[in-house]
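Please consult the sequence and the structure while reading.

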Amino acid sequence: MLAMMTHISRLRLSAPRLLTGCAAALLLIPATGYASDTQIRFQLDWRFEGPSAPFLMAAERGYFADEGLNVQIDSGSGSAGAINRVASGAYEMGFGDLNALVEFLAENPDGPGIQGVYIVYDGTPAAVFARKDSGVESPADLAGKTIAAPAFDTGYRAWGVFAAANGLEADSVAWQNVDPTLRETLLTRGDVDAITGFYFTSLLNLEERGMSEDDLTIMPFPEYGVPLYGNAIIASEAFAEENPEAVEGFLRAFNRALGETIADPEAAIEYVKNRDGLINVEMETRRLKLALDSVVDTPDARANGVGDVDEARLIEAIQLVADAYDLPSVPSPDQVFSSSYLPSQEERMLFPAEEE
(Lines give C-alpha, C1' and ligand atoms only; values in the text may rest on other atoms or scores of the structure.)
Protein backbone atom coordinates (compact mmCIF):
# COMPACT_ATOMS: atom_id res chain seq x y z
CA MET A 1 0.00 0.00 0.00
CA LEU A 2 2.78 2.40 0.97
CA ALA A 3 4.58 1.67 -2.30
CA MET A 4 1.44 2.44 -4.31
CA MET A 5 0.94 5.80 -2.51
CA THR A 6 4.57 6.71 -3.15
CA HIS A 7 4.13 5.96 -6.86
CA ILE A 8 0.99 8.12 -7.06
CA SER A 9 2.78 10.97 -5.31
CA ARG A 10 5.59 10.79 -7.82
CA LEU A 11 3.09 10.98 -10.67
CA ARG A 12 1.48 14.04 -9.09
CA LEU A 13 4.85 15.72 -8.72
CA SER A 14 5.90 14.95 -12.29
CA ALA A 15 2.58 15.93 -13.93
CA PRO A 16 3.34 19.69 -14.08
CA ARG A 17 6.71 18.91 -15.62
CA LEU A 18 5.01 16.61 -18.14
CA LEU A 19 2.47 19.26 -19.10
CA THR A 20 5.19 21.88 -19.39
CA GLY A 21 7.17 19.60 -21.62
CA CYS A 22 4.14 18.93 -23.84
CA ALA A 23 3.44 22.64 -24.14
CA ALA A 24 7.01 23.30 -25.15
CA ALA A 25 6.86 20.52 -27.71
CA LEU A 26 3.65 21.97 -29.17
CA LEU A 27 5.36 25.32 -29.61
CA LEU A 28 7.96 23.61 -31.78
CA ILE A 29 5.32 22.14 -34.12
CA PRO A 30 4.46 24.53 -37.00
CA ALA A 31 0.86 25.68 -36.76
CA THR A 32 -1.32 24.66 -39.69
CA GLY A 33 -3.91 27.38 -39.30
CA TYR A 34 -4.41 30.80 -40.85
CA ALA A 35 -1.60 32.50 -38.96
CA SER A 36 1.12 30.26 -40.40
CA ASP A 37 0.06 30.62 -44.06
CA THR A 38 2.44 32.54 -46.30
CA GLN A 39 0.81 35.89 -47.00
CA ILE A 40 0.81 37.21 -50.56
CA ARG A 41 -0.56 40.63 -51.39
CA PHE A 42 -1.62 40.52 -55.03
CA GLN A 43 -2.32 43.59 -57.18
CA LEU A 44 -4.58 43.25 -60.23
CA ASP A 45 -4.07 45.48 -63.25
CA TRP A 46 -7.62 46.84 -63.24
CA ARG A 47 -11.03 46.68 -61.62
CA PHE A 48 -12.86 43.50 -60.67
CA GLU A 49 -14.07 42.59 -64.16
CA GLY A 50 -14.54 39.39 -66.16
CA PRO A 51 -10.83 38.61 -66.72
CA SER A 52 -10.15 38.68 -62.97
CA ALA A 53 -12.43 35.65 -62.48
CA PRO A 54 -9.76 32.93 -62.13
CA PHE A 55 -7.86 34.90 -59.49
CA LEU A 56 -11.00 35.47 -57.43
CA MET A 57 -12.15 31.88 -57.94
CA ALA A 58 -8.83 30.53 -56.67
CA ALA A 59 -9.20 32.64 -53.53
CA GLU A 60 -12.86 31.89 -52.78
CA ARG A 61 -12.75 28.18 -53.57
CA GLY A 62 -9.77 27.77 -51.28
CA TYR A 63 -7.23 26.82 -53.93
CA PHE A 64 -4.69 29.27 -52.53
CA ALA A 65 -5.41 28.03 -49.01
CA ASP A 66 -4.83 24.46 -50.20
CA GLU A 67 -1.30 25.58 -51.08
CA GLY A 68 -0.70 27.10 -47.65
CA LEU A 69 -1.23 30.65 -48.89
CA ASN A 70 -3.20 33.57 -47.53
CA VAL A 71 -3.73 35.73 -50.63
CA GLN A 72 -5.11 39.26 -50.55
CA ILE A 73 -6.34 40.37 -54.01
CA ASP A 74 -6.78 44.09 -54.65
CA SER A 75 -8.15 45.86 -57.72
CA GLY A 76 -5.76 48.05 -59.69
CA SER A 77 -5.52 51.13 -61.86
CA GLY A 78 -3.29 49.96 -64.71
CA SER A 79 -0.32 47.72 -65.41
CA ALA A 80 2.25 50.38 -64.55
CA GLY A 81 0.68 50.81 -61.14
CA ALA A 82 0.74 47.06 -60.47
CA ILE A 83 4.40 46.82 -61.47
CA ASN A 84 5.42 49.83 -59.38
CA ARG A 85 3.62 48.50 -56.31
CA VAL A 86 5.33 45.14 -56.56
CA ALA A 87 8.65 46.94 -57.05
CA SER A 88 8.02 49.08 -53.97
CA GLY A 89 7.38 46.04 -51.79
CA ALA A 90 3.76 46.98 -51.13
CA TYR A 91 2.75 43.79 -52.95
CA GLU A 92 4.60 40.52 -53.39
CA MET A 93 2.93 39.62 -56.70
CA GLY A 94 0.70 41.22 -59.31
CA PHE A 95 -0.82 41.11 -62.78
CA GLY A 96 0.47 43.43 -65.47
CA ASP A 97 1.49 43.94 -69.08
CA LEU A 98 4.79 42.22 -69.86
CA ASN A 99 5.70 45.10 -72.17
CA ALA A 100 5.31 47.57 -69.30
CA LEU A 101 7.55 45.28 -67.26
CA VAL A 102 10.22 45.42 -69.98
CA GLU A 103 10.00 49.20 -69.85
CA PHE A 104 10.29 49.28 -66.05
CA LEU A 105 13.34 47.01 -66.04
CA ALA A 106 15.06 49.04 -68.77
CA GLU A 107 14.50 52.29 -66.90
CA ASN A 108 15.42 50.89 -63.48
CA PRO A 109 18.49 48.72 -64.12
CA ASP A 110 19.61 49.00 -60.50
CA GLY A 111 16.13 48.77 -59.04
CA PRO A 112 14.37 45.84 -57.41
CA GLY A 113 14.07 42.73 -59.57
CA ILE A 114 10.62 41.81 -60.87
CA GLN A 115 9.87 38.93 -63.20
CA GLY A 116 6.97 37.54 -65.14
CA VAL A 117 6.29 34.03 -63.87
CA TYR A 118 3.13 32.99 -65.78
CA ILE A 119 1.92 34.37 -69.11
CA VAL A 120 -1.87 34.70 -68.98
CA TYR A 121 -2.41 36.68 -72.20
CA ASP A 122 -0.36 34.87 -74.83
CA GLY A 123 -0.87 37.85 -77.16
CA THR A 124 -1.27 41.53 -76.44
CA PRO A 125 -4.96 42.52 -76.21
CA ALA A 126 -4.16 45.82 -77.99
CA ALA A 127 -6.29 46.52 -81.05
CA VAL A 128 -7.17 49.34 -83.43
CA PHE A 129 -10.87 50.22 -83.70
CA ALA A 130 -11.66 52.40 -86.72
CA ARG A 131 -14.87 53.81 -88.11
CA LYS A 132 -15.74 52.17 -91.41
CA ASP A 133 -17.38 55.40 -92.53
CA SER A 134 -13.95 57.03 -92.23
CA GLY A 135 -12.86 54.80 -95.08
CA VAL A 136 -10.70 52.50 -92.96
CA GLU A 137 -10.77 48.90 -94.13
CA SER A 138 -7.11 47.96 -93.64
CA PRO A 139 -3.98 49.25 -91.86
CA ALA A 140 -2.93 51.17 -94.96
CA ASP A 141 -6.13 53.24 -94.73
CA LEU A 142 -5.04 54.61 -91.34
CA ALA A 143 -2.46 56.89 -92.99
CA GLY A 144 -3.55 60.49 -92.54
CA LYS A 145 -6.18 59.57 -89.94
CA THR A 146 -6.55 60.70 -86.32
CA ILE A 147 -6.29 58.09 -83.57
CA ALA A 148 -7.11 58.64 -79.89
CA ALA A 149 -5.67 56.77 -76.90
CA PRO A 150 -4.42 57.43 -73.36
CA ALA A 151 -0.69 58.07 -73.16
CA PHE A 152 -0.15 54.81 -71.23
CA ASP A 153 -2.17 52.64 -73.64
CA THR A 154 -0.26 49.64 -75.00
CA GLY A 155 -1.63 50.22 -78.50
CA TYR A 156 -0.34 53.78 -78.48
CA ARG A 157 3.03 52.86 -76.95
CA ALA A 158 3.55 49.96 -79.36
CA TRP A 159 2.17 51.74 -82.41
CA GLY A 160 5.57 51.67 -84.06
CA VAL A 161 5.57 47.87 -83.93
CA PHE A 162 2.10 47.68 -85.51
CA ALA A 163 3.02 50.25 -88.16
CA ALA A 164 6.24 48.49 -89.12
CA ALA A 165 4.49 45.12 -89.34
CA ASN A 166 1.92 46.57 -91.73
CA GLY A 167 4.03 48.79 -93.97
CA LEU A 168 2.98 52.10 -92.42
CA GLU A 169 5.16 55.03 -91.47
CA ALA A 170 4.86 55.42 -87.71
CA ASP A 171 4.29 59.17 -88.07
CA SER A 172 1.66 58.84 -90.80
CA VAL A 173 -1.18 59.21 -88.29
CA ALA A 174 -2.10 62.03 -85.90
CA TRP A 175 -2.51 61.08 -82.25
CA GLN A 176 -4.76 62.58 -79.60
CA ASN A 177 -3.81 61.61 -76.07
CA VAL A 178 -7.05 61.47 -74.12
CA ASP A 179 -8.45 60.35 -70.79
CA PRO A 180 -9.43 56.66 -70.98
CA THR A 181 -13.02 57.50 -70.08
CA LEU A 182 -13.33 59.67 -73.23
CA ARG A 183 -11.66 57.39 -75.77
CA GLU A 184 -14.70 55.42 -77.00
CA THR A 185 -16.98 58.45 -76.78
CA LEU A 186 -14.75 60.40 -79.17
CA LEU A 187 -14.90 57.59 -81.73
CA THR A 188 -18.65 57.21 -81.34
CA ARG A 189 -19.16 60.94 -81.95
CA GLY A 190 -16.88 60.89 -84.98
CA ASP A 191 -14.38 63.27 -83.40
CA VAL A 192 -11.57 60.86 -84.31
CA ASP A 193 -11.22 58.21 -86.98
CA ALA A 194 -9.88 55.43 -84.77
CA ILE A 195 -8.76 54.49 -81.28
CA THR A 196 -6.50 51.89 -79.74
CA GLY A 197 -7.49 49.88 -76.69
CA PHE A 198 -7.76 46.41 -75.22
CA TYR A 199 -9.95 44.37 -77.55
CA PHE A 200 -12.28 43.04 -74.86
CA THR A 201 -12.62 46.44 -73.17
CA SER A 202 -13.02 48.93 -76.03
CA LEU A 203 -15.39 46.69 -78.02
CA LEU A 204 -17.86 46.46 -75.14
CA ASN A 205 -17.50 50.17 -74.35
CA LEU A 206 -18.26 51.04 -77.98
CA GLU A 207 -21.28 48.76 -78.07
CA GLU A 208 -22.57 50.43 -74.90
CA ARG A 209 -22.35 53.73 -76.79
CA GLY A 210 -24.29 52.47 -79.78
CA MET A 211 -21.60 51.26 -82.18
CA SER A 212 -21.71 47.66 -83.39
CA GLU A 213 -19.01 45.50 -84.93
CA ASP A 214 -20.62 46.18 -88.30
CA ASP A 215 -19.73 49.87 -87.88
CA LEU A 216 -16.09 49.11 -87.13
CA THR A 217 -12.92 47.83 -88.68
CA ILE A 218 -11.18 45.99 -85.85
CA MET A 219 -7.48 45.14 -86.11
CA PRO A 220 -6.18 43.11 -83.13
CA PHE A 221 -2.41 43.48 -82.94
CA PRO A 222 -1.65 39.72 -82.82
CA GLU A 223 -3.65 39.17 -86.02
CA TYR A 224 -1.70 41.93 -87.77
CA GLY A 225 1.84 40.73 -87.28
CA VAL A 226 2.62 41.96 -83.76
CA PRO A 227 4.26 39.17 -81.69
CA LEU A 228 4.15 40.92 -78.31
CA TYR A 229 3.00 39.10 -75.20
CA GLY A 230 0.25 40.55 -73.04
CA ASN A 231 -0.42 40.39 -69.33
CA ALA A 232 1.48 38.09 -67.02
CA ILE A 233 1.53 37.21 -63.35
CA ILE A 234 4.58 39.00 -61.96
CA ALA A 235 6.53 38.46 -58.76
CA SER A 236 9.16 40.24 -56.72
CA GLU A 237 12.43 38.39 -57.30
CA ALA A 238 13.39 38.79 -53.64
CA PHE A 239 10.10 37.28 -52.50
CA ALA A 240 10.28 34.47 -55.05
CA GLU A 241 13.84 33.55 -54.09
CA GLU A 242 12.96 33.47 -50.40
CA ASN A 243 9.61 31.74 -50.93
CA PRO A 244 9.82 29.62 -54.10
CA GLU A 245 7.23 27.13 -52.82
CA ALA A 246 4.77 29.97 -52.28
CA VAL A 247 5.13 31.24 -55.85
CA GLU A 248 4.84 27.69 -57.19
CA GLY A 249 1.75 27.15 -55.06
CA PHE A 250 0.18 30.41 -56.24
CA LEU A 251 0.67 29.40 -59.87
CA ARG A 252 -0.71 25.90 -59.30
CA ALA A 253 -3.81 27.36 -57.67
CA PHE A 254 -4.29 29.94 -60.42
CA ASN A 255 -3.72 27.36 -63.15
CA ARG A 256 -6.36 25.14 -61.56
CA ALA A 257 -8.85 28.01 -61.45
CA LEU A 258 -8.03 29.09 -65.01
CA GLY A 259 -8.84 25.60 -66.26
CA GLU A 260 -12.21 25.71 -64.50
CA THR A 261 -12.86 29.23 -65.80
CA ILE A 262 -12.21 28.06 -69.37
CA ALA A 263 -14.59 25.12 -68.84
CA ASP A 264 -17.42 27.24 -67.39
CA PRO A 265 -17.09 31.03 -67.74
CA GLU A 266 -20.67 31.60 -66.57
CA ALA A 267 -19.95 29.94 -63.24
CA ALA A 268 -16.60 31.72 -62.91
CA ILE A 269 -18.14 35.16 -63.25
CA GLU A 270 -20.03 34.61 -60.00
CA TYR A 271 -16.75 35.07 -58.14
CA VAL A 272 -16.38 38.51 -59.72
CA LYS A 273 -19.92 39.37 -58.70
CA ASN A 274 -19.14 38.26 -55.15
CA ARG A 275 -16.37 40.88 -55.02
CA ASP A 276 -18.37 43.61 -56.78
CA GLY A 277 -22.12 43.16 -56.62
CA LEU A 278 -22.68 46.08 -58.99
CA ILE A 279 -21.15 44.47 -62.09
CA ASN A 280 -23.25 43.79 -65.17
CA VAL A 281 -23.07 39.99 -65.12
CA GLU A 282 -23.98 39.56 -68.78
CA MET A 283 -21.41 42.10 -69.93
CA GLU A 284 -18.62 40.77 -67.71
CA THR A 285 -19.33 37.21 -68.83
CA ARG A 286 -18.94 38.35 -72.41
CA ARG A 287 -15.77 40.28 -71.55
CA LEU A 288 -14.32 37.16 -69.95
CA LYS A 289 -15.17 35.02 -72.97
CA LEU A 290 -13.68 37.60 -75.35
CA ALA A 291 -10.47 37.66 -73.32
CA LEU A 292 -10.24 33.87 -73.24
CA ASP A 293 -10.97 33.50 -76.96
CA SER A 294 -8.70 36.30 -78.16
CA VAL A 295 -5.53 36.17 -76.03
CA VAL A 296 -5.59 33.06 -73.84
CA ASP A 297 -6.76 30.37 -76.27
CA THR A 298 -4.01 30.62 -78.89
CA PRO A 299 -2.32 28.06 -81.16
CA ASP A 300 0.79 28.22 -78.97
CA ALA A 301 -1.23 27.66 -75.79
CA ARG A 302 -2.89 24.65 -77.40
CA ALA A 303 0.40 23.22 -78.61
CA ASN A 304 2.59 23.89 -75.58
CA GLY A 305 0.30 24.76 -72.70
CA VAL A 306 -0.60 28.09 -71.14
CA GLY A 307 1.75 30.11 -68.97
CA ASP A 308 5.18 29.72 -70.58
CA VAL A 309 7.03 31.71 -73.25
CA ASP A 310 8.76 30.82 -76.48
CA GLU A 311 12.32 32.05 -75.92
CA ALA A 312 12.92 33.24 -79.49
CA ARG A 313 9.63 35.11 -79.51
CA LEU A 314 10.37 36.66 -76.11
CA ILE A 315 13.75 37.91 -77.31
CA GLU A 316 12.11 39.44 -80.38
CA ALA A 317 9.32 40.99 -78.33
CA ILE A 318 11.75 42.58 -75.86
CA GLN A 319 13.75 44.13 -78.69
CA LEU A 320 10.61 45.41 -80.41
CA VAL A 321 9.46 47.06 -77.18
CA ALA A 322 12.91 48.54 -76.59
CA ASP A 323 12.88 50.06 -80.08
CA ALA A 324 9.26 51.25 -79.99
CA TYR A 325 9.55 52.75 -76.50
CA ASP A 326 13.06 54.13 -77.16
CA LEU A 327 14.34 52.43 -74.01
CA PRO A 328 17.79 53.24 -72.59
CA SER A 329 18.71 49.54 -72.34
CA VAL A 330 17.43 46.13 -73.35
CA PRO A 331 16.62 43.74 -70.49
CA SER A 332 17.64 40.11 -70.91
CA PRO A 333 14.97 37.42 -71.28
CA ASP A 334 15.96 36.01 -67.87
CA GLN A 335 15.30 39.38 -66.27
CA VAL A 336 11.86 39.59 -67.85
CA PHE A 337 10.54 36.06 -67.34
CA SER A 338 11.27 32.93 -65.34
CA SER A 339 9.62 29.60 -66.08
CA SER A 340 11.08 27.91 -63.00
CA TYR A 341 7.94 28.31 -60.87
CA LEU A 342 5.44 27.04 -63.43
CA PRO A 343 3.32 23.93 -62.99
CA SER A 344 4.28 21.03 -65.24
CA GLN A 345 3.48 21.28 -68.93
CA GLU A 346 0.94 18.51 -68.55
CA GLU A 347 -0.93 20.52 -65.91
CA ARG A 348 -0.87 23.57 -68.19
CA MET A 349 -2.46 21.84 -71.20
CA LEU A 350 -5.83 23.49 -70.56
CA PHE A 351 -6.97 23.46 -74.19
CA PRO A 352 -7.20 20.54 -76.62
CA ALA A 353 -4.40 20.47 -79.15
CA GLU A 354 -5.07 21.99 -82.58
CA GLU A 355 -6.32 19.42 -85.07
CA GLU A 356 -3.98 18.75 -87.97
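## A residue in helix H13

In this predicted model, Arg287 has a relative accessible area of 3%, and it therefore counts as buried, the cut-off being under 20%. Arg287 belongs to helix H13, which covers residues 281-296.

The side chain of Arg287 comes to 3.2 Å from the backbone oxygen of Phe200. Apart from neighbours within four places in sequence, Arg287 contacts Glu49, Gly50 and Pro51, together with Phe200, Thr201 and Leu204.

## The largest pocket

Rolling a probe the size of a water molecule over the atoms shows where empty space is left. The largest pocket holds about 950 Å³ of space. Its lining is made up of 41 residues, and those closest to the centre are Trp46, Gly78, Ser79, Phe152 and Phe198.

Several elements each give at least two residues to this lining, among them helix H4 (79-88), strand S8 (194-198), helix H9 (199-208) and H13. Helix H9 provides the largest share, with five residues. The lining of the largest pocket comprises 16 nonpolar, 11 polar and 14 charged residues.

## The second largest pocket

The second largest pocket contains about 300 Å³ of space. It is lined by 18 residues, of which Gly123, Pro222, Glu223, Ser294 and Thr298 are the closest to its centre.

Two or more lining residues come from H13 and from helix H14 (299-304). The largest share, three residues, belongs to H13. By class, the lining of the second largest pocket has eight nonpolar, four polar and six charged residues.

Technical notes
Residues are numbered from 1 along each chain as its sequence is written. This is a predicted model: local features need pLDDT of at least 70, side-chain atom pairs count only at pLDDT 80 or more; totals for chains, interfaces and linings use all residues. Side-chain values use heavy atoms; hydrogens and water are left out. Helices (H or I, at least four residues) and strands (E, at least two) are DSSP runs, numbered from the N terminus. Buried means under 20% relative accessible area, exposed over 50%, partly exposed in between (1.4 Å probe, protein chains only). A polar contact is a pair of N or O atoms within 3.5 Å; within protein, one must be able to donate a hydrogen and the other to accept it, and residues adjacent in sequence count only if both atoms are side-chain atoms. Contact means heavy atoms within 4.5 Å. On a 1 Å grid over the protein atoms alone, a cavity is a set of points where a 1.4 Å probe fits but cannot get out, and a pocket is an open set with protein on both sides within 12 Å along at least five of seven lines; lining residues have an atom within 4 Å of a point. Grid points are joined across faces, edges and corners, and a volume is the space filled by probe spheres set on the points. Ala, Val, Leu, Ile, Met, Phe, Trp, Tyr, Cys and Pro count as nonpolar, Asp, Glu, Lys and Arg as charged, and the others, Gly among them, as polar.
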